Amino acid sequence: MKILVALKQVPDTETRIKVAADGKSLDPADVKWITSPYDEYALEEAIRIKEGKGAEVVALSVGGDTAKEVLKNALALGADTAVLLKGDGQGDAFAVAQMIATYAKDKGFDLILCGNKGLGGDNAAMGPMLAELLGVAQANVVVKLELGEGTFKAEREVEGGSEIVEGALPAVITAQKGLNEPRYASLKGIMAAKKKTIEELDAAAVTSGAHVSALTLPPERPAGRLLPGDAAGQAQALLQALKDEAKVF
Amino acid sequence: MILVFCELKDGQIRKPSAEALSEGRRLADASGKKVGALFAGASCAGAAEAAKFGADVILTAEAPTLASYSSDAFATLLAEAVKAKGASVLLAAATAVGKDVIPRAAARLGAGYASDVTGLSMVDGKLQAVRPVYAGKAFATTTFSSAVQTATTRPNVFPAAEKAGAGTVEALAAPAGDFKSVVKEILAKAGGKVDLSEANVIVSGGRGMKDGANFKILEELADAIGGVVGASRAAVDAGWGLPHSMQVGQTGKVVSPTLYIACGISGAIQHIAGMSGSKFIVAINKDPEAPIFKLANYGIVGDLFEVVPELTKAAKAMGIGSN
Ligand SMILES: Cc1cc2nc3c(=O)[nH]c(=O)nc-3n(C[C@H](O)[C@H](O)[C@H](O)COP(=O)(O)OP(=O)(O)OC[C@H]3O[C@@H](n4cnc5c(N)ncnc54)[C@H](O)[C@@H]3O)c2cc1C
Ligand SMILES: Cc1cc2nc3c(=O)[nH]c(=O)nc-3n(C[C@H](O)[C@H](O)[C@H](O)COP(=O)(O)OP(=O)(O)OC[C@H]3O[C@@H](n4cnc5c(N)ncnc54)[C@H](O)[C@@H]3O)c2cc1C
């Protein structure tokens, strides 16, 4: 079995967003970069499948040189090989999907694991777009995955519960928290990863469908007020304010 | 045409779909276009209601094979309908199904996609979207270069507005062939309450709740004021038996209710990212220095174990939530 894991490098969740001078991108000064958290579940699932029934795991990222960090970490965690598709990182999710589809097309992957959304961009779109471009099945926001002979059974989160999706492999599965508990890299893994090389390829030339034309910060919230009194008085004052001022009720 | 994919539940249009359809109508009015509402399933009974939200045309694909949701079959259906109708915009609500099917249909159409948008407009005949990025820490204005433009609308942001449309019903053929994947079973959570992402009122608890069992007082308050219960990651990860589906924040649900009541939540940046889009925020915390107060419209400094039951009591006395 051959598994591709798509990993995106994103700003850490602690990042306070500053808009760059171009008015449409993130000011990268002081930003700490991490692997998108949902992609860690995707990678962990691939490694568990490898440990369970045996598989070759290829880690892939689209990005610049800094994205190699993500791939080094993936190798340390247990990916067999790593591929960097070099691009300017400016494309939309559709552009990234086309780049990965071009790479993956004839390589015989049985399973492609992604995060359900890339932290920050928050499109939650690359996976289903890639599935369509490759003409394969998809299951998104998956919290449980079982593989059969050429088939999969996935539990995915939906409003008010979950649903079971069954389909044929190859498939694109996007991971949600709960799928597994990602491990930490062992010293042995880190040492072994140092000996591996990251294959670097130019990403295919593609066209985006959408572009970010402006990035703005949310408006400041109006100053609030503290409600005085004892618990009963505070409760009364709050409900009255929500009713009369905010007109929530 | 602006085509809006709509979902039915128990023979009625789901509220997020009605919101998307209403927004489609507004965009169509602003740009002189027509609005089509598209339904698919074993039965589309109830689809006629789309006329109330401004649909000029109601497209229904009814077939036994569409009884269960299939990503690829539904994406094919949507993409074919866009082509057949010459639609330039495809919309749906950002629900579990909407977020699953629209990007797939977009890829089929070579179309750009903006997900979970909070604002839409037509500029020079093309869609323009505003969407939260970094879980709401910033907003990205998204413009399209593709001939077809697609988007999903965040629930609870766009008003569902009644406006009569002609509502001419047209049947669509269901896609043929083997479906690559199909939903086999739906595992409903007990209670059947609305999802956090669609809730109008949310009562959330954090580490200050001290134990999962104590969430009962939040349930009681939520029941009294017509809300649902959420949690911080600290509470979800504490081993109190709270499911991840309750987590609000950058790595949980991003919510936009009218009212968000944070109980025993300090206001970490990752939590704030998920709920700062709420219209009104109430913080109940015993620490007056808690960062959550900077965000709150109304703050109560006090012990949540005293304040929350008083709120429930007062809400019941005032008859709140009974409307
Ligand atoms: C501030 C800001 C500015 C932006 N500027 C532009 C712009 O100017 N023009 C433009 O077209 N787009 C722009 N984007 C969009 C964004 O960079 C792309 O949409 C992005 O590549 C897709 O990211 P996502 O995380 O939203 O994708 P999602 O669809 O949420 O990602 C889902 C999954 O796909 C995989 N994946 C996604 N991207 C990659 C990748 N690069 N490598 C490997 N796997 C990946 C991961 O497994 C991920 O979990 C901007 C976004 C932001 C937040
Ligand atoms: C990668 C990453 C992703 C993350 N994603 C999320 C996310 O999606 N969502 C999220 O919420 N967090 C997330 N976090 C965690 C976040 O950083 C905080 O740790 C978390 O939000 C804290 O939760 P809390 O406010 O419940 O707990 P605390 O910060 O411990 O706050 C508890 C509060 O309760 C108050 N309190 C205690 N007892 C009482 C009482 N009796 N009455 C009133 N008040 C009381 C205290 O004063 C305190 O302010 C993430 C962190 C990381 C690193």
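Biologist: Why is strand β6 of chain B largely enclosed by the rest of the structure?

Modeller: Because five of the five residues of that strand, residues 89–93, are buried. Keep in mind that this is a predicted model.

Biologist: Which residues cover which side of β6(B)?

Modeller: V89(B), L91(B) and A93(B) sit on one side, and L90(B) and A92(B) on the other, with all of them buried. In a regular strand, side chains alternate between the two faces of the sheet.

Biologist: OK, and what does β6(B) pair with?

Modeller: Strand β1 of chain B, residues 2–5, pairs with β6(B) in the parallel sense over four bridges. Strand β11 of chain B, residues 149–153, also pairs with β6(B) in the parallel sense, over five bridges.

Biologist: Which residues stand opposite each other there?

Modeller: I2(B) stands opposite V89(B), and L91(B) stands opposite A151(B) in β11(B).

Biologist: Switching to the ligands. Where does ligand 1 lie?

Modeller: Between chains A and B. The shell around ligand 1 holds 31 residues, and the closest are D39(A), Q90(A), N123(A), A125(A) and M126(A).

Biologist: What polar atoms does ligand 1 have around it?

Modeller: A backbone N or O atom of G118(A) is 2.7 Å from an oxygen atom of ligand 1. For K8(A), a polar side-chain atom lies 2.8 Å from an oxygen atom of the ligand. There's also L7(A), with a polar backbone atom 3.5 Å from a nitrogen atom of ligand 1.

Biologist: How much of ligand 1 does the protein bury?

Modeller: 94% of the 950 Å² that ligand 1 exposes when taken alone.

Biologist: And which element gives the most to that shell?

Modeller: β12(A), with four residues. By class, the shell around ligand 1 splits into 15 nonpolar, 10 polar and six charged residues.

Biologist: Now ligand 2. Where is that one, and which residues are closest?

Modeller: Ligand 2 lies between chains A and B. It is surrounded by 27 residues, the closest being R207(B), S232(B), T251(B), S266(B) and Q270(B).

Biologist: What about T251(B), how far is its side chain from a nitrogen atom of ligand 2?

Modeller: An N or O atom in the T251(B) side chain is 2.6 Å from a nitrogen atom of ligand 2. D303(B) puts a polar side-chain atom 3.0 Å from a nitrogen atom of the ligand, while a polar backbone atom of R233(B) is 2.9 Å from an oxygen atom.

Biologist: Which elements give two or more residues to its shell?

Modeller: α5, α6 and α7 of chain B. The classes in the ligand 2 shell are six nonpolar, 15 polar and six charged residues.

How values were computed
Residues numbered from 1 in each chain as written. Chains lettered and ligands numbered in written order. Predicted model: local features only at pLDDT ≥ 70, side-chain atom pairs only at ≥ 80, totals over all residues. Heavy atoms only, no water. Near = heavy atom within 4 Å. Polar contact = N/O pair within 3.5 Å; in protein donor to acceptor, adjacent residues only side chain to side chain. Areas by Shrake-Rupley, 256 points an atom, 1.4 Å probe, with all protein chains shown as cover. Nonpolar A, V, L, I, M, F, W, Y, C, P; charged D, E, K, R; others polar. Buried < 20%, exposed > 50% of the residue type's maximum accessible area, 1.4 Å probe, protein only. Pairing = 2+ DSSP bridges.
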